[in-house]
Amino acid sequence: MIDGTSNLKKGVRDTIKELECDTHVTYDITHLSANLLKEKYEGGMTFQKIMNELALASKRITQTDIGYLPPPKIREKSRFLNLPNLVNWFDKLINIRKRARLSNVEKRQVKEYFGWIWNPKLEPYIRTFIKEVKVVKDLQKIQKNTGVNEFSYQKACAKLSEMDDEHFVKPVIKALSIELEYSRTIGFPLLLTSDLIESLFGKYKTIIKPHRLSEINRSVPSMPVRTFNVGH
C-alpha cells in the first residue's frame, strides 16, 4: 500500500527488486484521488484566487457577528486530502441566504466578506468544484467500506460517470480495474485504503511524543504491540 509519493515508490521498487518477489502494490484511493484533484486544480488561477479570498475572509470576520463562519483551516501540505471539509463549508455558505434566522447585520456581513462566492464568474466554478469533490468523497467511502469487488467496482464507475473530466476519471477506473483483477485472484475484496496503517502511526506518535529525545530505532518495535490487546 503506497500513497504515491516518489520516495515510497522508489523504496517499494527497490525492495521488490532486492527480494526478487512477485508483489502486488496497491495505490491508496484517498491519495490517488487527492493527487488527481491536485493536478486538476492547483495550478489554476481561479482556484488560487478562491484560496486567497478564503484566507483573507477568515481573518476579516474574526471580530464580526459572523465570526462563527470561518473557512476550515487547510494546511498547504494536506490541502487536497482535506477538500471534503472545504466543500462542506462552501455548501453551508452557498445556502446560508435561505436561513431566515440570520439578522440583518449578519446578512450584510455575509455579503460583504463572502459576496465573491456568488460572483457570476466564480459561482459556476465553485458549484462544479463542490460536485466533483463530493463524487470523490463518495467514491472513497465506497472503496473504504466494502473494498473493491464486482459490485463496488460497478458502483464506483456509476459514481464517476457524474464527472465530465476524463483526465480524472480514466486513471481512477484504471486503478480500480487493476485492483479488481487482483481481488479475483486472491478470492476476497481488497481494501484500497491506508487508513489502518496511518492510524497505527498515529498511535505510535502518541506514545513517543513525551519522549522526543528517545532513539527512534528503540521505539519502533513498540508499533506491532498496538495492533492487539496485551494481557495483564
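# Reading the core, helices and salt bridges

Biologist: Which residues have the most contacts inside the largest nonpolar core?

Modeller: A nonpolar core is a set of buried Ala, Val, Leu, Ile, Met, Phe, Trp, Tyr and Cys residues joined through side-chain atoms within 4.5 Å. The largest one here has 52 residues, and F90, F114, W116, I117, I126 and F129 have the most contacts inside it. At least two residues of this core come from each of α2 (29–41), α3 (45–60), α4 (83–94), α5 (104–114), α6 (123–146), α7 (150–160) and α8 (166–186). Helices (H or I, at least four residues) are DSSP runs, numbered from the N terminus. This is a predicted model, where local features need pLDDT of at least 70, side-chain atom pairs count only at pLDDT 80 or more, and totals for chains, interfaces and linings use all residues. Residues are numbered from 1 along each chain as its sequence is written, and side-chain values use heavy atoms, with hydrogens and water left out.

Biologist: What does W116 touch?

Modeller: Contact means heavy atoms within 4.5 Å. Not counting residues up to four places away in sequence, W116 touches I50, E53, L54, F90, L122 and I126.

Biologist: Which residues of α3 are buried?

Modeller: Buried means under 20% relative accessible area, exposed over 50%, and partly exposed in between (1.4 Å probe, protein chains only). In α3 the buried residues are F47, I50, M51, L54 and A57. Seen down the axis of α3, they fall within an arc of 130 degrees, so they line one face of the helix. The arc is that of the directions from the helix axis to the C-beta atoms. These buried residues pack against α2, α4, α5 and α6. The face turned away from the buried side of α3 carries the exposed residues M45, N52 and K59.

Biologist: How does the span of α3 compare with the one expected?

Modeller: The expected span of a helix is 1.5 Å times one less than its number of residues. α3 has 16 residues and reaches 22 Å from its first C-alpha to its last, close to the 22 Å expected.

Biologist: What covers the buried residues of α7?

Modeller: The buried residues of α7 are S152, Y153, A156, C157, K159 and L160. They fall within an arc of 160 degrees seen down the axis of α7, so they line one face of the helix. Their cover includes α6 and α8. N149 caps the N-terminal end of α7, with a side-chain oxygen 3.1 Å from the backbone nitrogen of F151.

Biologist: How many salt bridges does a search of the whole structure find?

Modeller: Side chains of opposite charge can pair when their charged atoms come close. A salt bridge is a side-chain nitrogen of Lys or Arg within 4 Å of a carboxyl oxygen of Asp or Glu. The search finds eleven. In one of them, the side chains of K40 and D165 meet at 2.8 Å, N to O. The pair links distant parts of the chain, with K40 in helix α2 and D165 in the loop between α7 and α8, 125 residues apart. K40 is partly exposed, at 32% relative accessible area, whereas D165 counts as buried at 14%. K40, E132 and D165 are linked in a network of salt bridges.

Biologist: How far apart are the N and O atoms in the salt bridge of K170 and E166?

Modeller: The distance is 3.6 Å. Both residues lie in helix α8, four residues apart, about one turn of the helix, and both K170 and E166 are exposed.

Methods
A polar contact is a pair of N or O atoms within 3.5 Å; within protein, one must be able to donate a hydrogen and the other to accept it, and residues adjacent in sequence count only if both atoms are side-chain atoms.
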